[in-house]
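Subject: Structure for your reading

Dear colleague,

My notes on it follow, and I would ask you to read them with the model open.

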Amino acid sequence: MTRLSQYLLPTEREAPADAEALSHKLMVRAGLVRQVGTGLWTWLPAGLRVHQKIVQIIREEMNALGGHELLMPMIQPAEPWRKSGRYEIDELFKLVDRKETELVLGLSGEEVVTTHAASMIRSYRDLPLTLYQFQVKGRDEPRPRAGILRTREFLMKDSYSFDRDADAVDASYRRHADAYAKMYDRCGLRWYLVDADVGYMGGRESGEFMAPCPAGEDDIVLGANGYAANLEVASAEPAPVTLPPSGDAPEEVHTPGTNTIESLAEFLGLPQGALSKAFPVVRQGDDEELVLLLLRGDHRVSEVKLRTVLGAGFRQASASEIEDKIGPPGFLGPVGMRDSQVRVLVDQGMLANEGGYVAGANRTDHHLRGVQAGRDFTYEAVDVRQVGPGDTVGGEPIQIEPAIEIGNIFKLDTRYSAKLGARYLDPDGKSQDLWMGCYGIGPARIAAAAVEQFADEKGISWPRAIAPFDVHLVTLGKPGSDERELSERLYAELTASGLDTIYDDRDAGPGEKFADAELLGVPLRVTVGRRSIAAGELEVQIRRGAVAQAVPLDGAVEAIVKLWRTLP
RNA sequence: CGGGGUGUGGCGCAGCUUGGUAGCGCGCCCGCUUUGGGUGCGGGAGGUCCCCGGUUCAAAUCCGGGCACCCCGACCA
């Protein structure tokens, strides 16, 4: 029973002044969510219905892939986090109880589930196994933002697969990817599965599910033949650049005061792409190493790709390190370095063009013209460039779109099982590490993405599978009127037909009721007014596109049910 | 963590420069009115002006400290 006169749906005419993202504004205005503190939100009744519908879709698909639901605690002992090496993560909420025991708020569930696996999974006969839960996750985010999009506490479905070996992990991973595809399709979203960095989860391979929309925090790169990748890791062919011809050897030129790419390009009258940019970086770790990275002057470094290439974190080299081993900052190049042992990495975006680049001469106010990799210096080719507009994949220009991350899947392999001692006996009776995968999905982000993707100037337009209600019944009649009597009957019949119906029986004007209905975004609006009675029909409006149609009163409920089934 | 901004009734805001009994629109309550796009008229309720301290006869306003929240960046399964 959902009569608006007795329901909590606090709609607002104006968005909170500090809201920026469309989903943030609309979800607050439509009375779906309310803020409690930075990154902390309450789901109000109508919003919770959306959330629960999404949760149910996810649950059904998890069960269909053979997953078993369980529920693990959100408050967890710190010890397994120390063992896994994740206790130091800044986002991890740490707490201490009255006995001074160290605890954490789970930001995901690997530590606990792997601890369980260690004690409960003994034999290859117990495998494969997939466990999942819906549990609140806590994260001490450096910057919560955009309403419900990045919060410090949120419900997440996290699942974990346990297998015998790498091939079996691949199969579990594939099954999850397929299940996720079904979930997003059922939720009515536009989405992509993209290549991604593994981040602090660690592991061999990961994929991110991304819903394109303006409020997206990430950028995704889309190209020909289904190419899709997070901008952080994307690869593409750069737009070519015309280089001046190279002579037999580099030629030194006097370039006073040109210690930036812009000033040098201007001084020489060349495009920035004809210059080479030098990045001296130090690979971090026990065996720190200074490396010189070269990139086309008009290209940018992807820090994520560089980290992958180096196999470790890195930092900018200090001025003294640069002076010591390469040359004067601002005029660095691969030829004539003070220490010829410095490794030179060349981004492959530089290698595709004929001719010679301009590079620093390792001498103040001087550069070299006509420098060619291989001929003039030895190098390793790498791909560390951040792709950009104008690049191509398979000959077609790429597209770059902002997107919300709505799910993530990882092949963890033995990264957690080895550290937490989760092992099984194989058919030969030998003890082996368990092979794992983990898979996360956030219902709140699916809701926000749906709002972003389908809203119009009047409000939200939910995909029907996750709408808070199926039908929004608006009565324009006063209590006691014929219209009201008809509305009451329709409300009962619609509800009996299985449609979740919200009934606007408030004592309010038509404009207000229509505006609220459009803001809330229920897929079908049924209006009952004097007109309806007179014409013997109802006005039924499809929210998406605001298309109205007349439905004869006779058999109206059946017609509405039928129409509803055709909606996106 | 760096930069910028904001805290005044449920929401959106003015007032602060130049100290003097706190205001507007919307919403809310009551009555009448209106009933297919936030109708009109009348009456009314509601505020520790973020907090603490200071200056002053007097502080929303000036000074000091703190807190909260937002945006950009860094960061971010």
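Arg 186 counts as partly exposed, because its relative accessibility is 34% and the partly exposed class runs between the buried limit of 20% and the exposed limit of 50%. Please bear in mind that this is a predicted model.

Arg 186 forms a salt bridge with Glu 60, and their closest N and O atoms are 2.7 Å apart. This pair links distant parts of the chain, since Arg 186 belongs to helix α5 and Glu 60 to helix α2, 126 residues apart. Glu 60 is likewise partly exposed, with a relative accessible area of 34%.

The axes of α2 and α5 (residues 166–187) come within 9 Å and cross at roughly 150°, and the crossing is right-handed. On the α2 side the contact includes Ile 54, Ile 57 and Ile 58, as well as Glu 60; on the α5 side, His 176, Ala 179 and Arg 186 are among the residues involved. By class, this contact has seven nonpolar, one polar and four charged residues.

Val 50, His 51, Ile 54, Val 55 and Ile 58 of α2 touch Pro 443, Ala 444, Ile 446 and Ala 447 of α10. Which classes of residue make up the contact of α2 with α10? There are eight nonpolar residues, one polar residue and no charged residues.

Asp 500 lies in the loop between α11 (482–496) and β30 (501–504), whereas Lys 53 is in α2, so the pair ties together parts that are 447 residues apart in sequence. Lys 53 counts as buried at 19% relative accessibility, while Asp 500 is partly exposed at 29%.

Elsewhere, Arg 86 and Glu 110 form a salt bridge with closest N and O atoms 2.9 Å apart, and both residues are buried. Glu 141, Arg 145, Arg 150, Glu 217 and Arg 445 are joined into one network by salt bridges that share partners. In the whole structure, 33 salt bridges are found.

Finally, the domain assignment of chain A gives domain 1 (18–188 + 413–452), domain 2 (251–386) and domain 3 (469–565). The centres of domain 2 and domain 3 are separated by 67 Å.

Yours sincerely,
A colleague

Terms used. Residues are numbered from 1 along each chain as its sequence is written. Chains are lettered from A and ligands numbered from 1 in the order in which they are written. This is a predicted model: local features need pLDDT of at least 70, side-chain atom pairs count only at pLDDT 80 or more; totals for chains, interfaces and linings use all residues. Side-chain values use heavy atoms; hydrogens and water are left out. Contact means heavy atoms within 4.5 Å. Helices (H or I, at least four residues) and strands (E, at least two) are DSSP runs, numbered from the N terminus. Ala, Val, Leu, Ile, Met, Phe, Trp, Tyr, Cys and Pro count as nonpolar, Asp, Glu, Lys and Arg as charged, and the others, Gly among them, as polar. Axes are lines fitted to C-alpha atoms, for helices over the stretch in contact, and angles run from 0 to 180 degrees between N-to-C directions. A crossing is left-handed if the near helix is turned anticlockwise from the far one by less than a right angle, and right-handed if clockwise. Domain bounds come from an automatic or database domain assignment. A salt bridge is a side-chain nitrogen of Lys or Arg within 4 Å of a carboxyl oxygen of Asp or Glu. Buried means under 20% relative accessible area, exposed over 50%, partly exposed in between (1.4 Å probe, protein chains only).
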